[in-house]
Every structure is written in structure tokens, then in C-alpha cells.
Amino acid sequence: APVDHPLVREFGTYVDPQFRFRLTHKGLFFATREPTEVRAVYNGRVVFANQLPGFGRAVIVDHGDNYYSVYAFTKSLKVSEGVEVREGDPVAVSGGSSPLFGPGLYFEIRHFTDAIDPRPWIKDSILKTANLSRE
């Protein structure tokens, strides 16, 4: 996993508890109360490392074959565009905050422009979970 912290929002459809309508979450959200090193999940080249509207400071890594990983709501970036990264290399430091979920890290995998389930990209067979509400 990009961080070793509890997973608080899964990939997929869920019902918003306050407004009671279905939403689609296109990635995973990890609760990181304190700044934590964010690691690349696979080898690739950094194609974006900057402020991303709606996602705060973000890093996007191109893994080839039109697969990309996205690391968002970070406090600081440890890489710049064009840098090659290996699996496990630090790419950012968590510590930013999502307007919906609070402090943490948003992680997403895209194939072309489509968000796909990131779990197959994570070697850890068991992800820590806390208060997941999904339908």
C-alpha cells in the first residue's frame, strides 16, 4: 500500500449517510493523522507533481501501458516531473486534508482515463480498515 494506515473509504459505490444518495468513490482513502511517507506502488515515471484542483498537492506516476497511479491530498512532494521511481520509493508526504474525509491520502489507479479498483495493485493481502460504509 502507498501508506501503512487504516483504509476509511473503499473503491466503488456507497450511500452518503447524511444526504442518502449514491456516490462513486474512484479510489482508496487512507486516514493518516500525522505526516507519513507516501510510497510508489509500482515502477514508473512521474508525469505530474504539483497542485491539482480538487485534490491538493498530487503526484501522478505513469506505469506504462496507459496505467497511472494518483497520490493526492499530500502535504509535500518528494519528486518532480520526469523522475523515474521504483516500487517503494517515497513520492510525497501525507498531511493534507480531504474536504470529505479529513486528513489522509487519496490513492487511485487509472487505465487510460478510467478509474479502476486499486486493490490488485497493492501487494498487502490485508489492508487495515476502519468504519467502512459501503453498499
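**Entry 1**

Is Tyr42 buried, partly exposed or exposed? I looked this up before anything else, keeping in mind that the model is predicted. Tyr42 has a relative accessible area of 41%, so I noted this residue as partly exposed. The cut-off I needed here is that buried means under 20% and exposed over 50%, with partly exposed in between.

Next I checked which ring Tyr42 pairs with. Tyr42 and Trp121 form an edge-to-face aromatic pair, with 5.8 Å from centre to centre and 85° between the planes. I then looked up where the two residues sit. Tyr42 is in the loop between strand S5 (37-39) and strand S6 (44-52), while Trp121 is in the segment after strand S13 (114-116), so this pair ties together parts 79 residues apart in sequence.

**Entry 2: the other rings**

How many aromatic pairs does the structure hold? My count came to six.

Phe29 counts as buried because its relative accessibility is 1%, and Phe73 counts as buried at 10%.

I also followed the ring pairs onward from here. They link Phe29 and Phe73 with Phe55 and Tyr106 into a cluster.

**Entry 3: salt bridges**

I searched the whole structure for salt bridges and found two.

One of them joins Lys78 and Glu37, whose closest N and O atoms are 3.8 Å apart. That distance falls within the 4 Å limit, so the pair makes my list. Lys78 lies in the loop between S8 and strand S9 (84-85), and Glu37 lies in strand S5, 41 residues apart. How accessible are the two partners? Lys78 is partly exposed at 47% relative accessibility, and Glu37 is partly exposed at 37%.

The other entry is Glu108 with Arg110, where the closest N and O atoms are 2.5 Å apart. Glu108 counts as buried at 5% relative accessibility, whereas Arg110 counts as partly exposed at 23%.

Methods
Residues are numbered from 1 along each chain as its sequence is written. This is a predicted model: local features need pLDDT of at least 70, side-chain atom pairs count only at pLDDT 80 or more; totals for chains, interfaces and linings use all residues. Side-chain values use heavy atoms; hydrogens and water are left out. Rings of Phe, Tyr and Trp (its six-membered ring) pair if their centres lie within 6.5 Å; planes under 30 degrees apart count as stacked, over 60 as edge-to-face and the rest as tilted. Buried means under 20% relative accessible area, exposed over 50%, partly exposed in between (1.4 Å probe, protein chains only). Helices (H or I, at least four residues) and strands (E, at least two) are DSSP runs, numbered from the N terminus. A salt bridge is a side-chain nitrogen of Lys or Arg within 4 Å of a carboxyl oxygen of Asp or Glu.
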